[in-house]
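Me: I would like to learn how to read helix packing in a model. Please take me through one case.

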Amino acid sequence: MTSGLTQEQSEIRALARDFVRGEIRPRAPEWDARRSLDPQIFSKLGELGFMGMRIPESYGGLGLDLLTYLLVLEELAWGDASVALGVAIHSGPVTFLLQRYGTEEQKGRYLPGLASGELLGAFALSEPEAGSDAQALSTAWRRDGPQRVLTGTKKWVTNGGLGGLVVLFAREADGGKISAFLLDPKIHGYQVGKREITMGLAASETVELHLDQLEMGDGALLGAEGEGFVYAMEAMEVGRLGIAAQAIGIARAAFEHARDYANERVQFGRPLADFQAIRFKLAEMANRITGARALTFSAAEAMEGRADPEAPSPGVMAAMAKLTASETAVWTTDEAVQIFGGYGYMRDYPVERLLRDAKGTEIYEGTSEIMRLVIAREAIGQTGA
Ligand SMILES: Cc1cc2nc3c(=O)[nH]c(=O)nc-3n(C[C@H](O)[C@H](O)[C@H](O)COP(=O)(O)OP(=O)(O)OC[C@H]3O[C@@H](n4cnc5c(N)ncnc54)[C@H](O)[C@@H]3O)c2cc1C
């Protein structure tokens with residue numbers, strides 16, 4: 001599926017791969033063990049333009065098309081899934097919404113910093129009682145003169161403790177509609193709460209946010225009041241393609257480790273790769289990864305308006321890509337651990353980390369069950385929960 005890449009797309013991917021091979025991949029085990037990334041990594045990525053891939057050049061970004069962005073994300077995830085998650089949230093939902101709905105003043109204020117990596121974007125939708133059912137969120141604002149005063153708790157916010165710009169969703173008090181807001185984490189009333197100890201993606205910052213009587217001026221409103229839920233759903237469609245690319249990068253890394261190990265490890269006098277049971281596992285990995293990548297690229301084309309008219313809608317294509325790629329990542333990493341045998345179960349080898357990382361892709365930006373609901377609604381009809 002990559003034969004159709006332009007020269008520019010191939011060159012950008014090669015640049016990303018070189019950087020990841022030198023600066024990210026060798027450090028992934030250390031970052032996982034200490035549960036934090038090198039704080040400089042996002043500014044280094046910013047220097048290469050990789051924090052502003054989708055931001056127009058007029059704001060300091062690279063202005064890349066969606067497919068090129070996904071190619072780079074796959075490389076980042078091949079090196080370290082926590083880095084890829086940070087970039088995917090920053091560049092997917094956050095900069096997408098700011099570009100689409102921000103005023104000129106808001107774009108001028110935030111986009112250059114986001115493009116350079118000086119500001120890291122976070123997306124605060126989920127709450128303790130509102131995950132898949134995000135519309136049930138209870139973080140609320142009320143008017144107090146010229147200000148809106150915000151109170152509530154957000155859960156599992158990636159980059160939320162490092163963020164330079166948080167897109168946050170809250171409803172008007174007493175059951176009003178949901179709106180989107182742009183928050184600077186330095187604002188009074190913004191408190192970073194518990195840092196989660198996650199199963200995988202250990203180096204990624206997943207935090208709780210407490211908003212205590214936080215006062216926002218009108219300049220914080222993103223887009224139209226009351227349209228926030230629609231914006232969140234649009235942002236997630238783009239975000240899901242980023243997670244699909246992340247999942248493919250994780251799966252590819254697991255496949256390559258398993259393939260190399262199967263060629264080296266000798267049992268019963270032969271390399272593991274000679275046994276048909278192992279060959280078929282590796283063949284199935286290659287098959288599923290290539291299929292997931294092809295579907296993700298088709299979904300990206302659909303999202304950019306170049307869809308086959310008989311294909312599902314772009315949003316459903318994105319859900320299919322995310323579902324297929326994330327399940328491919330979990331399956332592939334699990335089989336990679338199996339091929340490594342006892343060594344695969346040990347922290348000394350990379351495949352157990354990849355399995356832990358892969359599991360997250362089936363959960364965030366909409367779980368696999370929610371992806372199936374989205375697909376079913378269009379494929380079967382609107383009925384059903
Ligand atoms: C590492 C990580 C990073 C995250 N980062 C962010 C972030 O940056 N910003 C953010 O806002 N959120 C983030 N999240 C939250 C994530 O989006 C939610 O966890 C996810 O949407 C699921 O919500 P939940 O955990 O409340 O599960 P629930 O919604 O309680 O679901 C529990 C289970 O029930 C299933 N289920 C729920 N409803 C249905 C239904 N109608 N039909 C069938 N099955 C159903 C789910 O699929 C799941 O299996 C992150 C989560 C993780 C793990």
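Me: Which residues in α7 meet α8?

Reply: This is a predicted model, in which local features need pLDDT of at least 70, side-chain atom pairs count only at pLDDT 80 or more, and totals for chains, interfaces and linings use all residues. Residues are numbered from 1 along each chain as its sequence is written. Among the α7 residues that meet α8 are Val-238, Leu-241, Ile-248, Phe-255 and Ala-262; α8 contributes residues including Ile-278, Leu-282, Ile-289 and Met-303. Contact requires C-beta atoms, placed from the backbone, within 7 Å. Helices are DSSP runs (H or I, at least four residues), numbered from the N terminus.

Me: How do α7 and α8 cross?

Reply: Two packed helices are described by the angle between their axes and the distance between the axes. The axes of α7 (residues 228-264) and α8 (residues 276-303) come within 10 Å and cross at roughly 160°. Axes are lines fitted to C-alpha atoms over the stretch in contact, and angles run from 0 to 180 degrees between N-to-C directions. α7 and α8 are therefore roughly antiparallel, a term for angles over 145 degrees, while those under 35 count as roughly parallel.

Me: What is the angle between α7 and α9?

Reply: α7 packs against α9 (residues 314-340) at about 20°, with the axes 8 Å apart. These two helices are therefore roughly parallel.

Me: What does Ala-258 touch?

Reply: Leaving out residues up to four places away in sequence, Ala-258 touches Leu-282, Met-285, Ala-336, Ile-339, Phe-340 and Val-351.

Terms used: Parallel < 35°, antiparallel > 145°, perpendicular 65-115°, else oblique. Contact = placed C-beta atoms within 7 Å.
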